[in-house]
Amino acid sequence: MDVKITKEGKKSLVTLVGRLDTTNAAQFQEDIKPLMEDTEPDIEFDCTGMEYTSSQGLRMFLMLQKVVNSRKGKLVMKNMQPKVKEVFEITGFSNIINII
């Protein structure tokens with residue numbers, strides 16, 4: 001999984017490319033750690049290049065969403081591939097995380 005984080009004002013723009021699974025979930029957690037440290041996080045994930053997520057990946061997104069909620073921030077995921085979006089819908093994560 002390739003993770004690129006850029007700042008646009010106070011907003012963090014995160015571009016994801018590849019597969020998020022058990023082999024790289026720990027690295028992904030390290031990559032997004034700065035996002036969890038923002039006092040008022042405003043995070044936008046561009047998932048155009050995200051090919052797959054396992055339950056480990058879902059767990060990372062849930063953890064991040066909980067931190068964002070606790071700090072009154074925003075988290076949005078956009079441009080999700082249909083097969084990845086289906087995983088979020090089947091597991092109910094689409095009710096927890098804002099997907100546009």
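Glu 44 is buried in this predicted model, because its relative accessible area of 17% falls under 20%. The side chain of Glu 44 meets that of Lys 78 in a salt bridge, with 3.0 Å from N to O. This pair ties together distant parts of the chain: Glu 44 sits in strand 3 and Lys 78 in strand 4, 34 residues apart. Lys 78 is partly exposed, because its relative accessible area of 24% lies between the limits of 20% and 50%.

How many salt bridges does the count come to? The total is four. In general, side chains of opposite charge can pair when their charged atoms come close.

| Lys 78 | Glu 44 | 3.0 Å |

Is Asp 21 buried or exposed? Asp 21 counts as buried, because its relative accessibility of 14% is under 20%. Arg 19, at 41% relative accessibility, counts as partly exposed.

Which residues does Asp 38 contact, leaving aside its neighbours within four places in sequence? They are Lys 7, Ser 12 and Arg 71.

Five strands make up an open sheet with mixed pairing, in the order 1-2-3-4-5. Its edges are strand 1 (2-8) and strand 5 (98-99), each of which pairs on one side only. Strand 2 (residues 11-20) runs parallel to strand 3, and the two pair over eight bridges. Within this part of the sheet, Leu 20 has Thr 53 of strand 3 as its bridge partner.

Two helices pack on the sheet. Helix 1 touches strand 1, strand 2 and strand 3, and its direction makes about 175° with that of strand 2. Helix 2 (residues 55-70) touches strand 2, strand 3 and strand 4 (74-78), and its direction makes about 175° with that of strand 3.

What about the nonpolar side chains? The largest nonpolar core holds 25 residues, and those with the most contacts inside it are Phe 45, Phe 61, Leu 64, Met 77 and Phe 88. Strand 2, helix 1, strand 3, helix 2, strand 4 and helix 3 (82-91) are the elements that give two or more residues to this core. Which element supplies the largest share? Helix 2 does, with six residues.

Leaving aside its neighbours within four places in sequence, Phe 61 is in contact with Leu 16, Leu 20, Phe 28, Phe 45, Met 50, Thr 53, Met 77, Phe 88 and Ile 97. That list includes Leu 20 and Thr 53, the bridge partners in the sheet. Phe 45, Met 77 and Phe 88 are also among the contacts of Phe 61, and they too are named among the core residues with the most contacts.

Terms used
Residues are numbered from 1 along each chain as its sequence is written. This is a predicted model: local features need pLDDT of at least 70, side-chain atom pairs count only at pLDDT 80 or more; totals for chains, interfaces and linings use all residues. Side-chain values use heavy atoms; hydrogens and water are left out. Contact means heavy atoms within 4.5 Å. Two strands pair if DSSP finds at least two bridges between them. Helices (H or I, at least four residues) and strands (E, at least two) are DSSP runs, numbered from the N terminus. Axes are lines fitted to C-alpha atoms, for helices over the stretch in contact, and angles run from 0 to 180 degrees between N-to-C directions. A nonpolar core is a set of buried Ala, Val, Leu, Ile, Met, Phe, Trp, Tyr and Cys residues joined through side-chain atoms within 4.5 Å. Buried means under 20% relative accessible area, exposed over 50%, partly exposed in between (1.4 Å probe, protein chains only).
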